[in-house]
Amino acid sequence: MDRHDVALIEALQRDSSRPIAQLAETLGLSASACHRRIRALESRGLIAGYIARVNPHALGLAIEAFVEITLVSQSRETMDRFETAVGDFDDILECHLMSGAHDYQLRVAAADLSQYDRIHRECLSRLPGVSSMRSSFSIRRIKRMRAYPVPDGAGG
């Protein structure tokens, strides 16, 4: 990656909705060169897709919970069953395999405690192989991820 690719990735992470012509002008590239670079970054897997960042409060999702999960064992079968089941529940926003005291950390959003209780009863409690579960609630988000830092030469 050269400096133009780094600048392009940083610009797209800030706002991927801008027209290519505007993006190209900002970066000092022609529109066709900018478009070729974007396609090359996509084909190399550096750009994995485009999404809209939605305000959860505007959707009525006032609660964000982080759920620590410990499994009954770390056998491949137990982990595979758990991970497959997690993918079946839209209420689970993220799932991370962790090092440390627990096996997985989930992120869940809900409108209120009543809805979180429903998610806990109908979703989280049905996950296979769970030995223990501990929920923590975010009081207030201090910083939301906006973009990954892009080091020079990233992606080879």
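**View A. Ser32 is located in helix α3 (residues 31-43).** The model is a predicted one, in which local features require pLDDT of at least 70 and side-chain atom pairs count only at pLDDT 80 or more, while totals for chains, interfaces and linings use all residues. Residues are numbered from 1 along each chain as its sequence is written, and side-chain values use heavy atoms, with hydrogens and water left out. Helices (H or I, at least four residues) and strands (E, at least two) are DSSP runs numbered from the N terminus. Ser32 has 44% relative accessibility and therefore counts as partly exposed; the classes are buried (under 20% relative accessible area), exposed (over 50%) and partly exposed (in between), with a 1.4 Å probe and protein chains only. Between the C-alpha atoms of Ser32 and Ala7, which are 25 residues apart along the chain, the separation is 16 Å.

**View B. Four strands form an open sheet with antiparallel pairing, in the order β2-β3-β1-β4.** Helix α5 (residues 113-122) lies across β1, β3 and β4 and runs at about 135° to β3. Contact means heavy atoms within 4.5 Å; axes are lines fitted to C-alpha atoms, for helices over the stretch in contact, and angles run from 0 to 180 degrees between N-to-C directions.

**View C. β2 and β3 form a hairpin with six residues between them.** The turn contains Gly100, which has a positive phi of about 105°. Five bridges pair β2 with β3 (residues 104-110) in the antiparallel sense; two strands pair if DSSP finds at least two bridges between them. His96 stands opposite Gln105 in β3, and Leu97 has Tyr104 of β3 as its bridge partner.

**View D. β1 is mostly covered, with seven of its nine residues buried.** On one side, β1 pairs with β3 in the antiparallel sense over seven bridges, where Glu68 has Gln105 of β3 as its bridge partner. β1 is also joined to β4 by seven bridges, and these two strands run antiparallel. In this pairing, Ala65 stands opposite Phe137 of β4.

**View E. Two aromatic pairs are found in a search of the whole structure.** Phe82 and Tyr104 form a tilted pair, 4.5 Å centre to centre and with 35° between the planes. This pair links distant parts of the chain, since Phe82 belongs to helix α4 and Tyr104 to strand β3, 22 residues apart. Phe82 and Tyr104 are both buried. Tyr116 and Phe137 form an edge-to-face pair, 5.0 Å centre to centre and with 80° between the planes. Because Tyr116 lies in helix α5 and Phe137 in strand β4, the pair ties together parts that are 21 residues apart in sequence. Rings of Phe, Tyr and Trp (its six-membered ring) pair if their centres lie within 6.5 Å; planes under 30 degrees apart count as stacked, over 60 as edge-to-face and the rest as tilted. Tyr116 counts as buried at 7% relative accessibility, whereas Phe137 counts as partly exposed at 39%.

**View F. Asp117 is part of helix α5.** With a relative accessibility of 36%, Asp117 counts as partly exposed. Asp117 and Arg140 lie 20 Å apart in space, C-alpha to C-alpha, and 23 residues apart in sequence.

**View G. The largest pocket holds about 1600 Å³ of space.** Its lining comprises 46 residues, of which Ile51, Arg53, Arg144, Met145 and Arg146 lie nearest the centre. The elements giving two or more residues to this lining are α1 (3-14), β1, β2 and β3. On a 1 Å grid over the protein atoms alone, a pocket is an open set of points where a 1.4 Å probe fits, with protein on both sides within 12 Å along at least five of seven lines; lining residues have an atom within 4 Å of a point. Grid points are joined across faces, edges and corners, and the volume is the space filled by probe spheres set on the points.
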